[in-house]
Amino acid sequence: MPGYWVTTKGLEVRDIYERLLAAASLRSTDGAIRVSAEYEPIGGAGDTLFPPTVKIKETDGAGYLVEPRYVNGEKVEVVWLDQPQSQANRCEQALMDAIREGSAYLPHLLLVTQSAGVPVRTTNLQAPHRSRDAYFRDAEDATGAAFDKTEAGRALRQASSEDWSAYLRLVPSDLAYGVWDSHRKRRIQVKIPRAYKSAMIGIAPLIGVRGAGRVDPLNLAGDTVQVSESGWTPVEGTKAPKGAKTARMSELGHGMIPPSEGLGGVSVRSVQREASLAMAQLASLRFGDAGEEFTAAARALVAAIALLGDRLAFASPALRLRSGCDLVLVSERVQWVQRGRDGRPQEEPLAVNTVHEALALFEIASERARAAGLEWSAEPVALKPNASLQQAIDKSFLSDGVGEAEGE
C-alpha cells in the first residue's frame with residue numbers, strides 16, 4: 001500500500017510496525033497496548049441505559065450484573081454493559097464486514113447452505129466457539145468428507161501450543177481472540193488464551209424501574225383458548241378437551257395486560273471502555289520449526305489483526321450495544337504501556353487511532369509475514385452442513401403453530 005499515512009510526531013506507520021514487531025516478541029520495554037475510552041448516552045449524561053439482563057442466583061429472576069471495583073483508586077459499584085466475549089464478537093463481526101466489503105482480507109472458515117429458500121452463512125469470525133465450533137465439527141467439504149478429516153480440519157485438530165502454524169494460515173483471528181476446542185473429545189484439548197480483551201462498564205449505577213404492559217385496541221377478552229399446530233380456537237363450553245394444549249389470549253399476543261413493574265435500565269456516572277493487547281501472550285505463540293524472522297512477523301501480524309478489529313468496531317463516533325444502549329464517544333486514548341518507572345507503568349500515545357491507520361498497519365504486517373514465508377489462500381475454506389446439521393437448520397426455519405408473546 002503506497003503512501004502510508006504520516007502520524008503524530010512525524011512517525012510513519014512503518015515505524016509503528018517496527019516497534020510492534022519488537023514488542024510482540026518482548027524484545028523492548030513495551031508490555032501492552034491499551035485503549036481507554038469514555039462514552040455517554042446519546043440522550044445526555046445520566047440518561048437511562050439498558051445493560052444485558054441475566055438470571056440472578058439470589059432471586060432466580062432477571063437482573064443486571066453489578067459488582068464492586070476500584071476506579072481511579074475509589075471503590076465503586078459498576079454495572080457490566082458489555083463483557084469481553086461480546087466485545088470480541090463485535091470486533092470479529094467488524095472484521096467480517098471488512099472482508100465482505102473488500103477493504104481487508106483474512107483467511108477463514110465459511111459454512112454455506114440454505115433453508116426454506118433463505119441463504120444461511122456462518123464463519124469462524126461469527127460462530128460462538130470460532131473455528132472449533134460444533135457447526136464446523138458437523139460440516140463437510142464438497143466431496144462429503146467430514147471437515148475434521150480434510151487437510152484443513154486435520155491441521156487445526158493436530159495443532160498444539162508448540163505449533164500454531166495451522167491457525168495462522170487458516171484462521172488467524174482465532175489467535176487474537178482465543179479459542180477452546182471443547183466440542184471434541186480429547187484428553188488434551190486445544191486452548192489458546194485471548195491476546196485481546198475489551199469490556200465496557202457503567203460507573204455507580206442507579207437501577208431504574210419501568211411499567212410494562214399491553215394495550216389492546218379492540219380490548220379482546222383474555223379468555224383461555226385451545227392451541228394446536230394450525231393455530232388457536234376458542235374453547236367450546238367451560239373446559240377444553242382433556243389433554244388439549246391451552247393458553248391465555250394474552251400469552252398469544254392478544255388482549256390487555258395490566259402494567260407491572262419491570263427492569264428499567266440504569267443511570268450511571270460515566271461509561272468506560274478498557275481494552276488491552278497483551279504482548280506476553282503474543283510472545284508465547286510458537287510456530288513449530290519456523291525461524292525467528294517468521295515467528296516475530298507472525299506475532300506482529302496477530303497484533304495488527306487485533307488492533308484492526310478494535311478500530312473497525314470502536315473508532316466510530318457512536319456505538320450501539322443493544323436497543324436502549326446507544327452511546328456517543330466522548331474521549332479516547334490509544335497507548336503503549338511500558339515497563340514501570342518510579343512505581344508506575346509508563347504510557348506513550350500510539351498513533352493508530354483511525355481505521356485507515358489500522359488498515360495501513362495490517363497491510364504492512366501482512367506484507368512482512370508473507371515475505372517471511374507465510375502463505376494465505378485467497379479463498380476461505382468452504383464447507384456445508386452434514387445431513388444431521390442440515391436437518392436441524394431446516395427445523396429452525398419451520399413455522400410450527402402459534403408462539404407465545406414476549407416483552408420487548
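Trainee: Are H2 and H8 roughly parallel or roughly perpendicular to each other?
Mentor: This is a predicted model, and in it helices H2 and H8 are roughly perpendicular to each other. H2 covers residues 84-101 and H8 covers residues 292-314. They pack at an angle of about 90°, and an angle from 65 to 115 degrees counts as roughly perpendicular.

Trainee: How far apart are the axes of H2 and H8?
Mentor: The two axes lie 8 Å apart.

Trainee: Which residues make that contact?
Mentor: From H2, the contact uses Gln87, Arg90, Cys91, Ala94, Leu95 and Ala98. H8 contributes Ile305, Leu308, Gly309, Asp310, Leu312, Ala313 and Phe314.

Trainee: And what classes do the residues in the contact of H2 with H8 belong to?
Mentor: Nine are nonpolar, two are polar and two are charged.

Trainee: Cys91 was in that list. How many disulfides are there?
Mentor: The count is zero disulfides. Cysteine 91 is in none, and the nearest cysteine sulfur to it, that of cysteine 325, is 16 Å away. Cysteine 325 is likewise in no disulfide, and its nearest cysteine sulfur is that of cysteine 91.

Trainee: Is cysteine 91 buried or exposed?
Mentor: Cysteine 91 is buried, with a relative accessible area of 0%. Cysteine 325 also counts as buried, at 0% relative accessibility.

Trainee: Changing topic: which residues of helix H1 are buried?
Mentor: H1 spans residues 13-23, and its buried residues are Val13, Ile16, Tyr17, Leu20, Leu21, Ala22 and Ala23.

Trainee: What covers the buried residues of H1?
Mentor: The cover includes strand S1 (30-41), helix H7 (279-283), H8, strand S19 (325-341) and helix H9 (355-371).

Trainee: Where does leucine 26 lie?
Mentor: Leucine 26 is in the loop between H1 and S1. Its relative accessibility is 45%, so leucine 26 counts as partly exposed.

Trainee: What is leucine 26 in contact with, leaving aside its neighbours within four places in sequence?
Mentor: On that basis, leucine 26 is in contact with Met279, Ala280 and Ala283. As for isoleucine 16, which is 10 residues from leucine 26 along the chain, the C-alpha atoms of the two are separated by 15 Å.

Trainee: Next, asparagine 124. Where is it found?
Mentor: Asparagine 124 sits in the loop between strand S7 (118-123) and helix H3 (134-137). Asparagine 124 is buried, with a relative accessible area of 0%.

Trainee: What does the side chain of asparagine 124 reach at 2.8 Å?
Mentor: At that distance it reaches the backbone nitrogen of leucine 109. A polar contact of 3.4 Å also joins the side chain of asparagine 124 to that of aspartate 174.

Trainee: Which residues does asparagine 124 touch, not counting those up to four places away in sequence?
Mentor: Leucine 109 and aspartate 174 are among them.

Trainee: Finally, the whole chain. How many helices and strands does the protein chain have?
Mentor: The protein chain has 10 helices and 21 strands. Its C-alpha atoms fill a box of roughly 80 × 60 × 40 Å, taken along the principal axes.

Trainee: What share of the residues is buried?
Mentor: Buried residues make up 43% of the 408 residues in the protein chain. Regarding contacts with a separation of 6 or more, 73% are between residues 24 or more positions apart.

Key
Residues are numbered from 1 along each chain as its sequence is written. This is a predicted model: local features need pLDDT of at least 70, side-chain atom pairs count only at pLDDT 80 or more; totals for chains, interfaces and linings use all residues. Side-chain values use heavy atoms; hydrogens and water are left out. Axes are lines fitted to C-alpha atoms, for helices over the stretch in contact, and angles run from 0 to 180 degrees between N-to-C directions. Helices (H or I, at least four residues) and strands (E, at least two) are DSSP runs, numbered from the N terminus. Angles under 35 degrees count as roughly parallel, over 145 as roughly antiparallel, 65 to 115 as roughly perpendicular and the rest as oblique. Contact means heavy atoms within 4.5 Å. Ala, Val, Leu, Ile, Met, Phe, Trp, Tyr, Cys and Pro count as nonpolar, Asp, Glu, Lys and Arg as charged, and the others, Gly among them, as polar. Buried means under 20% relative accessible area, exposed over 50%, partly exposed in between (1.4 Å probe, protein chains only). A disulfide is a pair of cysteine sulfur atoms within 2.5 Å. A polar contact is a pair of N or O atoms within 3.5 Å; within protein, one must be able to donate a hydrogen and the other to accept it, and residues adjacent in sequence count only if both atoms are side-chain atoms.
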